[in-house]
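Visitor: Hi! I'm new to this one, could you walk me through it?

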Amino acid sequence: MVVPVGKMITEKDNLFMKMACDLACENVGQGGGPFGTVIVRDGEVIAAAGNTVTIDCDPTAHAVMNAIRRACSLTRDYKLDGCVAYCSCEPCPMCLSALYWAGVSRIYYGNAADDAGRVNKGYSFICKELEKPHLDRAIPCIHIQGATAHEAFDKWEAKKGRIEY
């Protein structure tokens with residue numbers, strides 16, 4: 001079912017998006033990247049974070065990733081069912097995947113992916129790389145068939161009481 005975009009955006013959505021964008025601006029002043037994310041459940045902010053890639057020397061410390069980590073830590077759950085993410089910029093492939101893994105119900109974003117190229121050349125490069133066949137990428141991805149990697153999956157499938165995710 002396609003819902004008209006105008007009917008999907010409320011005043012509260014605009015308020016939370018402004019919070020994410022304000023956080024992105026504040027983050028620049030604190031030495032971080034120009035990205036902010038706010039995670040909301042039932043109209044309440046449960047986590048907010050900026051990009052700390054260069055501060056933490058961690059390429060995964062995007063605002064979305066940091067906010068997910070905080071939200072999951074605070075809720076003591078690896079799932080963020082019923083949560084909505086407000087991102088100052090369209091999530092990169094890593095962050096989008098993490099939001100899917102976390103199970104958020106909706107993602108709102110400010111700047112588009114094309115805008116991100118102004119401040120981070122890697123964003124569009126990675127998107128283009130993911131479209132290429134594995135061996136044609138700048139960092140080739142090579143499948144080693146017959147590896148013993150299946151053993152861990154076999155153990156997982158046989159494990160009693162495992163928590164599915």
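Visitor: Which residues lie nearest the centre of the largest pocket?
Guide: Those are Asn 51, His 62, Cys 92, Asn 120 and Tyr 123, among the 26 residues that line the largest pocket. A pocket here is an open set of points on a 1 Å grid over the protein atoms alone, where a 1.4 Å probe fits, with protein on both sides within 12 Å along at least five of seven lines; lining residues have an atom within 4 Å of a point. This is a predicted model, where local features need pLDDT of at least 70 and side-chain atom pairs count only at pLDDT 80 or more, while totals for chains, interfaces and linings use all residues. Residues are numbered from 1 along each chain as its sequence is written, and side-chain values use heavy atoms, with hydrogens and water left out.

Visitor: How much space lies in the largest pocket?
Guide: About 440 Å³, with volume taken as the space filled by probe spheres set on the grid points, which are joined across faces, edges and corners.

Visitor: And which element gives the most to that lining?
Guide: β1 does, with 5 residues. Elements that each supply at least two include α4 (63–75), β3 (83–89) and α7 (121–131). Helices (H or I, at least four residues) and strands (E, at least two) are DSSP runs, numbered from the N terminus.

Visitor: What about the second largest pocket, what is its volume?
Guide: Its volume is about 230 Å³. Pro 34, Ser 88, Cys 89, Asn 111 and Val 119 are the closest to its centre, out of 13 lining residues. There, α2 gives the most, with 3 residues.

Visitor: Changing topic: which residues make the nonpolar surface patch?
Guide: Tyr 78, Trp 101, Trp 156, Ile 163 and Tyr 165 make a patch of about 660 Å². For such a patch, residues need over 30% relative accessible area and no salt bridge, and nonpolar side chains (Val, Leu, Ile, Met, Phe, Trp, Tyr) are joined within 5 Å. A salt bridge is a side-chain nitrogen of Lys or Arg within 4 Å of a carboxyl oxygen of Asp or Glu. Areas come from the Shrake-Rupley method with a 1.4 Å probe.

Visitor: Is Tyr 165 buried or exposed?
Guide: Tyr 165 counts as exposed, because its relative accessibility is 67%. Buried means under 20% relative accessible area, exposed over 50%, and partly exposed in between. Tyr 165 sits in the segment after α8 (150–158).

Visitor: How many helices and strands are there in the chain?
Guide: The protein chain has 8 helices and 4 strands. Of its 165 residues, 32% count as buried.

Note on methods:
Patch = residues over 30% accessible without salt bridge, like charges linked within 9 Å, V, L, I, M, F, W, Y side chains within 5 Å. Buried < 20%, exposed > 50% of the residue type's maximum accessible area, 1.4 Å probe, protein only.
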